[in-house]
Amino acid sequence: MIGDALLDGWMTGTCDRLCREAPAPVVDVSTVDHVPGGAANTAVNLAALGAESVVVTAVGDDVAGDQLVAALRGEGVRTEQVVRATGRRTITKRRIIAGDQLVVRVDDGDRGPLAPDVSARLAYAVSRSLIGADAVLVCDYGTGVLGPEVVEAIKAVREDIPLLVVDAHSLARWRELSPDVVAPNANELAELLGGPLPSDARSRVEVLERERGALAELTGARAVMATLDRDGALLLDGEEPPHRTWARPAPETFTAGAGDTFVAALTIAVAAGTPLSTAAELAQAAADVVVHRPGTAVCTWAELAERLGSDQEALSEPDRLVKAVEEHRAAGQRIVFTNGCFDVLHRGHVAYLNQAKRLGDVLVVALNSDKGVRRLKGPERPVNTESDRAAVLAGLSCVDHVVLFDDDTPAELLRALRPEVYAKGGDYTPEMLPETPIVHALGGEVRILDYLSDHSTTAVIDRIRTGPS
């Protein structure tokens with residue numbers, strides 16, 4: 001990990017009075033924590049998710065720098081490539097919190113270009129760190145640490161870097177390196193496109209999809225992973241269909257660094273050979289873990305596995321689901337319903353469910369029970385049990401509710417839930433579906449989604465049985 005490291009400070013206490021000198025709150029501090037922040041937090045997240053994390057950065061030769069390096073080592077991050085800059089003050093961000101209220105944030109430290117000798121030492125450290133790396137993650141937040149010498153050092157060995165991911169406030173300066181993935185946020189995307197983005201998520205996504213060619217040209221990247229904070233993320237990967245993730249935001253907290261967690265998890269997943277759309281889902285799940293915590297939070301591998309693997313509450317009881325859907329509808333949300341066996345979940349399934357979610361606001365997936373799958377597919381199916389299939393589906397950010405049904409069709413569920421949209425895959429037509437008359441009678445519409453050839457569960461199982469061709 002190459003980037004702008006800083007020290008995050010969290011001072012927490014209580015406030016029950018104003019000071020006499022001015023109408024300002026007095027906070028009686030009870031706890032003080034200092035943790036790695038910025039790119040240093042990304043390095044910690046990489047280590048927590050199981051990677052051998054090496055941080056390459058320059059910090060001041062001061063007390064804050066000492067605290068930062070010690071904290072990184074304490075979290076299992078290798079720091080032998082951290083350059084100490086004499087006379088430079090390490091950037092710190094100290095937050096003072098009273099109860100549940102952030103009172104003030106105090107920023108300190110030197111920004112701007114490094115001294116020439118320090119910059120040369122950092123470029124040399126970059127060159128050394130790239131040897132044998134499985135992936136390189138650049139976190140450039142504009143503090144002046146990553147100067148032209150660093151860009152040139154990476155450029156010199158770019159062909160030998162298996163995966164280059166760039167998270168930068170200004171992506172234009174990294175364009176010539178042709179990153180494999182860039183991860184801009186909404187503000188950085190607006191800067192790239194030369195104008196503000198729409199405020200509502202749906203319109204914003206439509207604009208980004210329309211401008212995907214321009215984004216690829218402006219960033220030089222194979223794939224753009226646009227992070228949209230509470231609205232999730234949008235993956236634009238070459239000619240592949242766009243893939244959206246949906247965040248599960250917590251109430252407003254003081255969490256800092258959820259974006260660091262996202263890009264760390266994304267980088268590890270892609271480096272391990274995971275398809276980008278699946279990597280995006282893993283990254284979103286990791287970010288969802290940390291937004292429920294105060295402070296500069298980190299997601300561990302065990303916590304991510306628990307978040308993805310737990311089948312608790314994966315299945316909704318039909319009666320409770322009816323009530324939940326009524327609440328969604330009362331809030332003005334549009335309900336999308338689909339159904340299937342979803343045995344051996346594959347890329348075609350994920351793309352199909354992602355497309356279905358985008359037809360509305362809430363996606364309900366009705367899952368054939370094990371008994372129903374055997375009746376429809378034969379005695380050797382399903383490969384995975386209904387509880388396992390439900391847990392995997394519930395782990396996708398686009399899926400809001402999963403419910404079981406035993407009959408050959410989900411007719412009773414459709415009558416109970418009255419969805420605005422009934423979605424099915426492109427290997428059907430509305431006339432082929434026995435559910436179509438029911439949906440129309442309830443005032444809903446039937447939508448047939450794109451067909452992705454050679455991505456059926458049967459094809460996947462056949463390939464597993466026969467081995468590689």
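Here are a few questions and answers on a cavity and the aromatic pairs of this predicted model.

Q: How many aromatic pairs are there by this rule?
A: Residues are numbered from 1 along each chain as its sequence is written, and side-chain values use heavy atoms, without hydrogens and water. In this predicted model, local features need pLDDT of at least 70 and side-chain atom pairs pLDDT 80 or more, while totals for chains, interfaces and linings use all residues. Rings of Phe, Tyr and Trp (its six-membered ring) pair if their centres lie within 6.5 Å. By this rule the count is 2.

Q: Is the pair of Phe337 and Tyr422 stacked, edge-to-face or tilted?
A: Planes under 30 degrees apart count as stacked, over 60 as edge-to-face and the rest as tilted. The centres of the Phe337 and Tyr422 rings are 5.9 Å apart and their planes lie at 40°, so this pair is tilted.

Q: Are Phe337 and Tyr422 buried or exposed?
A: Buried means under 20% relative accessible area, exposed over 50% and partly exposed in between (1.4 Å probe, protein chains only). By that scale, both Phe337 and Tyr422 are buried.

Q: Which class does the pair of Phe342 and Tyr352 belong to?
A: Both of these residues, Phe342 and Tyr352, are buried. Their ring centres are 6.3 Å apart and their planes are at 15°, so the pair is stacked.

Q: How many nonpolar residues are in the lining of the largest cavity?
A: Ala, Val, Leu, Ile, Met, Phe, Trp, Tyr, Cys and Pro count as nonpolar, Asp, Glu, Lys and Arg as charged, and the others, Gly among them, as polar. The lining has 3 charged and 3 polar residues, and its nonpolar residues number 5.
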